Amino acid sequence: MQTLERSDESASEETVSTLRRNVLRRDRTPREYLTLGVGVLVVLGLLVWSFFESKIRTTSVTVVVAVVASGGIWVGANLLFDQVRDNYQRFNAIAYAIIGAVVGVLLHGNLITVGSGEGFLPWVLGPLAGAASFGAIGLALALNDDPQRRLAIGLGGSAAIGLVISLLIRDVYYPGLDAVAIVAYTVVLAAIGGGLSYLRKRPPVGGVLLGAALGWLIGAWGGADLGEGSIATSLVATLPVALLIGTRLGISKNLDYAERLALDTRSRATIFVGPALLFIFGLLVIPAIRTAYLSLLDRDSQEWVGLENYTSVFTDRDSLDLENWTWMFTSVPFLIGIGVLVIALIVGIQMRRTTGYAVEIGNPTMAPLIVGALLVSFGVFTALRGTIINNMWWVVVVTFGSTAMGLAIAVFADQRRGERVAKSIVFMPMAISLVGASIIWRFVYAARDISTEQTGVLNALWVGLGKLSTGSGLPTLIITAVLILILLGLFMMLAYNLTRYGVGRAVVPGVLILLVGWFFIRFIGAFGTVGVGGFKVAPDGEISAQTVNFVQEGPYNNFWLMVIMIWIQTGFAMVILSAAMKAVPTEFIEAAKIDGATDSQIFWRVTLPQIATTIGVVVTTTIVGVMKVYDIVKVMTNGQFGTQVLANNMFQEAFSFTNIGKGAALAMLIFLSVLPIMYSNIRRMQREG
Amino acid sequence: MSKSRWRKLLALLMVFGLIAAACGDDDDEATDASEEAGDDGEGDGDGDGESAAASGDFGGAVVTITGPERTDGDIASINDALNQHFEPLNLTVEYTGDADWEANINTQVEGGNPPDISFFPQPGKLADFARAGSVVELTDGVNAAIDENWAEGYQLDGNVDGVQFGVPAKTDLKSIVWYQPGRFEADGYAVPETLDEFKALVDEMAAAGGAKPLCVGIESGQATGWPFTDWIEDLMLRLHGPEVYDQWISNELPFDSPEVQEAMQTVVDLWTDENVFASGGTISATSFFDNAQPLVDGQCYMHRQANFFAGFFPEGTTFADDSDPDTVSVFYFPDVSGDRPVLTAGTLAAAFNEDPATMAVLEYIATSDYAENRQRILTEFLGGGLSGYLSAAQGQDPSVYQPLEQEFLSILADAEISRFDGSDLMPADVGAGTFWSEGTSLVNGDTDVATAAQRIQESWPS
Amino acid sequence: MTLSSPVITDSKPEAAPGGDDGGGGAVDRVYGFLRSIPTGFLWLIVVVWSIPTLGLFVNSIRDRDAQRATGWWKVEPGDFTLDNYDQIFAARAGLGRSLLNSAAIAIPATIIPIAIAAFAAYGFAWIDFRGRKGLFIATVSLLAIPLQVALIPALQMFNNGAHFTLPLIDKTITLIPDFDLAGTTTAVWLTHTGFAMPFAIFLLHNYISSLPRDIFEAARIDGADHFTIFWRLVLPLSIPVLAAFAIFQFLWTWNDYLIANTMIGANASEQPTTIVIANLAGDFGRNENILPAGAFVQAFIPLIVFFALQRYFVRGILAGSVKG
């Protein structure tokens, strides 16, 4: 985004105010009023409906209360810390008052103190008293800078509060004291507190005092049998806590301006990042740690087995089968891929001579390079087998396929007629649940006995193509003619590009000619071939139809499962990339246009670099999503026919076979294998960003 | 939401706010407050009111049941059969059919949120849960009801180490072959009485060159391969008898022993291209339920499949109706030595708590009255025809069953030996894992019998 | 990346329309045709992409025997039947209620994570605190955790709360009280909120961190604090990415089966549509014929959401205003 700074150096207050005007103070269009009206109607309708439907009522009440309460706390915290910089006294008083109110709520709300009870007035009494007393102390501390006065305020205030609380506690809560627990907790927590302060390079006294207070509190109240003590034990349990905290407050100093600024920033960091971390910690970090631990135990989580679960994954023939690695050198995609790579090499040398770069984003070397690499990877992945290899294959194909497709659609559809329709249709698979998607593709891939009609589109096409290419009727002739026309067109384009632009522009039509030509030769059955499509030739030369069992015929059944994922995931890539493209400033593109750049140059040189980090996001997310994919495999094959992937294997082991150790180990493997990719991608994005 | 829950919510929000403030503030004493807040979560009893009901009133208790059966008819018949009985007793039963029961029940138990009762299609899993202490022992009342209504063979499926945990709730009969008597008659074939006759019949039909003798399909989505395991089990029972069968499912007899390999080889020999019509092109690509249409279309003569297969025939098919020449019927999958063993499956209900309401529901499920009601409601729901449900409980009114279903029951009653589906008794790694997948590979011709058997044996958890 | 230099480095002659060398009229026409290939390619993709869905739709209005007998493209007008839809809407499991449950899950599970993640993304991008980068990488790395492993611990937490037993005095402290959430839609959306965090932060951070620094500096000079900047500047400027995330999160939560299934358990009255429809299929695929119809019922609302939010992907919310 340095570009933007450079391009508009006068960005300043003016920018911001324009921004506000444009973004926030826009005039509402009639359509927006309409939307607003519909929204209001929907809300009203829901209200009326919720009157009759208890489900909506309870849900919306829960959600609204949760949102309003946490939102209130969040905004309140922000407003509170807004005061730090310039209104320190106010901030201090409010902060202390809030703490006091919470203490009041806890004591009073839980009916621990005298005077609490049901009803509004008893309920608010405790919190109010707490807020008032604590707030007063906070204000007094903020107003006084003299250490002795501060100590006096801290000690005096806390003693008074401690005394009042301990006297107010109801007799059923009087604690019976356990001296050992008090001493042990106080000492241990004081030591911890001191240690923490030391680590934070602060005087350890403060930490010791707070730790001791906490320890005393837990030891005296937590260890006690409530109701067995007397008013004296209540005093013993409460007063020292108050005094220790009071001392801690008393010996502290008021913050100077720099410290207040630091506090402001630090508190904002917590307020902004904290809620997310809370969720992440509870729902992801703790389970992850638990999984790591379980992966070292046996299947019933009873005995320690070390890394056995991990080694069993790698020694299992189903996970990694390198036996037939030599097959890759004879596989068709591998050989074609090598051929295409040779073309890339030749083109690269040529480009080097003209532009100085063999490979550059958007130059003609790129297409054959990528296609060749993909084909070679196919050769490798079909020769090496096993769960782990399958996962790599998935990552390569789905990540590349869906990102490239998504990008292509986002680009081609951008600001063209029918953009919305096209994008909506491509997006549609995202809206269909995985159950739905698997049903769809079962229909698409379905194979039926050749004596009956095909119900799957692909087999119908494949068998139909076979019939066409081995037949000799009018349709066969028509297709032959069309193929000839396409080939002629491609040759013209090749010649045109060769004469006008040189080798670079001729690569795409050249490769297309190779592909279409190959298909044409197969189709008409020239040079000893028989035809193309779903048929087989019996030894006696009789030709009959043959279907492809897409889901079961390995190893390419893996690919057909990946197609489903690409079908779904392209919508994702398209939406994200499209949103990013829309955010590329128009003046960049206009500037390039004025300079005479072509559409493709604008794309490769302007748009693509602008959305590079977003592509990083899409690629990273897709890799992660692919590593975790299990639904498709589970529904289509459940890992049979050599289509097992790590995530489905994990699901089977952990949930179906209740082999918890191995399931956890597989989960950790998924996590660990994605980690380096994630790390490098994020770092690169951060550097670029 | 109860009042106490509101209070807890408020307290929790306070604590969140406090923590946020505490982390921002330099040092303060917020942390101890948060721990005090926790205290109020304790001691709040669960006021659900599932009080004991000796008087025959359960005080509005709700008993939740899950199970793998989940068509609309199943849900309706289980719910209605139970609720009709328990409504006067002020008890509500909520049955949920679960598409992913095998995995979910594990999660629910581990997460501490199991239903009150679950229907187990796999006695092996029930035994695991019983040994882990997840399901509870049945009370004497339930045991008495089982004794009264079920023959000992069925009781044993729910018996783990001498203690009864499961209540038989449904019986599937697997040792039957579907065919069209009219077509057999027209083409001059007779129902085989022994396994050898069966094989001879298959050869004869194949040699005749018309329709194929057998329809076979083992595709079943994520459970692809299970019809193969059924064949092996049936053949194990027939070729080697129940004792060897029992040793086999407990792996005393290893999977790669000659006996098992013999059964597997028999299946492989039977399932040749000449003998089998597979509507999906290959056996492993053909869904087992896609075989109903070819059977009535005359593309094959026979299809060995359990009683619930009735539900897959096209509309308008009649069953064991002598007036219809195209009617579909079954014959007993013939045996070798005349001891008429049958392979069964079914569900067993087991409880996750000892609540009186739960036990009362189990007690009722054990009765023939429940079976009868469920069958009646299901048949009504489906508007006649075969329900797909079957129960071997004794003392049911036979009139709730259709003629063909009564024949199923008589095959069950005639059987001297009955054994539960072996793959449901094996550990899931095998019974729902390699037995399926290696079986599929074998059928596809990707491996041979010896290799497949050896791999299955290797996967048996030690 | 710098803008000005490389744009037009390789100075190839441009094929100006109407060409400077008059001879190649036919060739130019062919070339013009070939240049429209991208549009053709786009619509080809669109057609290919829609074929499976189209097939699904056609099959959803055919009966079971027809679905099995012939391909959907051989449908005849007389075949149409709404039986499958009837069967779904008449289901005992209660489709209407399940749609409500789905909404009760998906709406909070979309809105709440957006808010929380936007806070965090802003915090990571524009608030300077110690350990920011490390924390950000750690957070986003959690994206790689297969969420299956987190299901059981989460369920246990919703079931029992979280407790910590103090040593020595053997007292249990309740960190999170038991709200009795297991089996409720609340548990489901809370879980979704947690699981959505890494991706949401990742996506939003990528966008928010690339907003021009000048805006923030100018606002700081104006005296705006983080809260104001976030509220008045960042949120309005992030609308496209917020809309994008909202779409995905809504779809994922609406179409989620696994989490809902785990958290809801045996509680039939709280089940969302995914579970109800999956269960409708019957064991051994007995009712597979109604699945196409089910998939359409399921996809209906997500599609509406997509169409509604698509209009927020507008070019130049940011660019136009900077220029102005």
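Author: Happy to. Please keep in mind that this is a predicted model, where local features need pLDDT of at least 70 and side-chain atom pairs count only at pLDDT 80 or more, while totals for chains, interfaces and linings use all residues; side-chain values use heavy atoms, with hydrogens and water left out. Residues are numbered from 1 along each chain as its sequence is written, chains are lettered from A and ligands numbered from 1 in the order in which they are written.

B:F198 is buried, with a relative accessible area of 0%. Buried here means under 20% relative accessible area, exposed means over 50%, and partly exposed lies in between, using a 1.4 Å probe and protein chains only.

This residue also takes part in a ring pair. Over all chains, the structure holds 78 aromatic pairs. Rings of Phe, Tyr and Trp (its six-membered ring) pair if their centres lie within 6.5 Å; planes under 30 degrees apart count as stacked, over 60 as edge-to-face, and the rest as tilted. The ring centres of B:F198 and B:F333 are 5.4 Å apart and the planes stand at 85°, so this pair is edge-to-face. B:F198 sits in helix 9 (residues 195-208) of chain B, and B:F333 in the loop between strand 11 (329-332) and strand 12 (341-351) of chain B, so the pair ties together parts that are 135 residues apart in sequence. Helices (H or I, at least four residues) and strands (E, at least two) are DSSP runs, numbered from the N terminus. B:F333 is buried as well, with a relative accessible area of 0%.

A second ring pair brings in B:W248 and B:F255: their centres are 5.5 Å apart and their planes at 65°, so this pair is edge-to-face. B:W248 is buried at 0% relative accessible area, and B:F255 counts as buried at 0% too.

Side chains of opposite charge can pair when their charged atoms come close. The term salt bridge stands for a side-chain nitrogen of Lys or Arg within 4 Å of a carboxyl oxygen of Asp or Glu. There are 23 salt bridges over all chains. Chain B has a network of them linking B:K174, B:D230, B:D234, B:R238, B:R304 and B:D421.

At 1% relative accessibility, B:D230 counts as buried. A polar contact of 2.8 Å joins its side chain to that of B:K174. Such a contact is a pair of N or O atoms within 3.5 Å; within protein, one must be able to donate a hydrogen and the other to accept it, and residues adjacent in sequence count only if both atoms are side-chain atoms. Leaving aside residues up to four places away in sequence, B:D230 touches B:K174, B:R304, B:Q305, B:L343 and B:D421, where contact means heavy atoms within 4.5 Å.

Strand 6 (residues 167-173) of chain B holds B:P168, which counts as buried at 4% relative accessibility. B:P168 and B:Q155 are 13 residues apart in sequence and 6.8 Å apart in space, C-alpha to C-alpha. Not counting residues up to four places away in sequence, B:P168 touches B:I146, B:W150, B:Y154, B:T347, B:L348 and B:I365.

B:R455 pairs with B:E438, the closest N and O atoms being 3.6 Å apart. B:R455 lies in helix 17 (residues 449-459) of chain B and B:E438 in helix 16 of chain B, so the pair ties together parts that are 17 residues apart in sequence. B:R455 is partly exposed at 25% relative accessible area, whereas B:E438 is buried at 9%. Finally, the side chains of B:D429 and A:R299 meet in a salt bridge of 3.3 Å, N to O. B:D429 lies in helix 16 (residues 428-444) of chain B and A:R299 in the loop between helix 11 (257-294) and helix 12 (308-315) of chain A, so this pair joins two chains.
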